Amino acid sequence: MIQPTPSTAPVPDAECAALTRTLRRRGTVVLSVFALVWTFAGASGLASPGAALAVEILAVPVTAVAILLAYRKGAAPSPRMVDLPGNWARSVGIVNVVELAAIFAVIAASNASGHPGFIPPCIALVVGLHFIPLARLYDQWQYKGTAAVLSAVAVLGLALIAAGLPDVSVRAVVGLASAVTLWASAYHVAVRG
């Protein structure tokens, strides 16, 4: 998608630049919205209703600012154009369907076994792992970091369960840590490309 000019300096073609910007904007929106969802899930595990409400209220402008940064006028073009593999959109769809099926399986298995406390860390693991192929499919190396951190959050959640922490506390830790991870990725994509 990069075409050399007579001066041999690579120049991004307009279509590639537009696709890069569109994908990064969409990525910021998706990451931010799911960070908001994780925030509400995590806040529901906080002992203080006042603290939960404060976290939820704070989450809305944090999400809005990430999205505004992605769509701001006058933003510098992405420093690097995406290099997408063939059939990337179809592959992304498959990854997302597998992720959704795995989330439903986690919920069903956890509830059926009488261990609903496993739902937040196991979903965090599923979401984290789905970023591994997305990093390649969207040509966003940052998503490998997102995958690693969300997977670590999942392991922490499972360790907290093993240590005997109440399910609500595990939900608070996993939910809020997952939200921060997704916001960090959203801001990075919005600002750095």
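Here is a short walk through a helix pair, a loop residue and some annotated spans. The model is predicted, so to speak of local features we need pLDDT of at least 70, side-chain atom pairs count only at pLDDT 80 or more, and totals for chains, interfaces and linings use all residues. Residues are numbered from 1 along each chain as its sequence is written, and side-chain values use heavy atoms, with hydrogens and water left out.

Start with helix H4 (residues 119–137) and helix H6 (residues 167–192), whose axes come within 9 Å and cross at roughly 20°. That makes H4 roughly parallel to H6 (angles under 35 degrees count as such). Axes here are lines fitted to C-alpha atoms, for helices over the stretch in contact, with angles from 0 to 180 degrees between N-to-C directions. Helices are DSSP runs of H or I with at least four residues, and strands are runs of E with at least two.

Who touches whom? On the H4 side, Pro120, Pro121, Ala124 and Phe131 meet Val170, Arg171, Val174, Ser178 and Leu182 of H6, contact meaning heavy atoms within 4.5 Å.

Next, look at Gln140, in the loop between H4 and helix H5 (142–162). Gln140 counts as buried because its relative accessibility is 2% (buried means under 20% relative accessible area, with a 1.4 Å probe and protein chains only). Beyond neighbours within four places in sequence, Gln140 contacts Arg24, Arg80, Val82, Ala135, Val189 and Gly193.

Finally, the unreviewed UniProt entry lists "transmembrane region" at several spans, including 53–71 and 147–166; such annotations may be inferred rather than shown by experiment. Residues 53–71 are 100% helix and 0% strand, with end C-alpha atoms 28 Å apart. Residues 147–166 are 80% helix and 0% strand, with end C-alpha atoms 26 Å apart.

Methods:
Parallel < 35°, antiparallel > 145°, perpendicular 65-115°, else oblique. Buried < 20%, exposed > 50% of the residue type's maximum accessible area, 1.4 Å probe, protein only.
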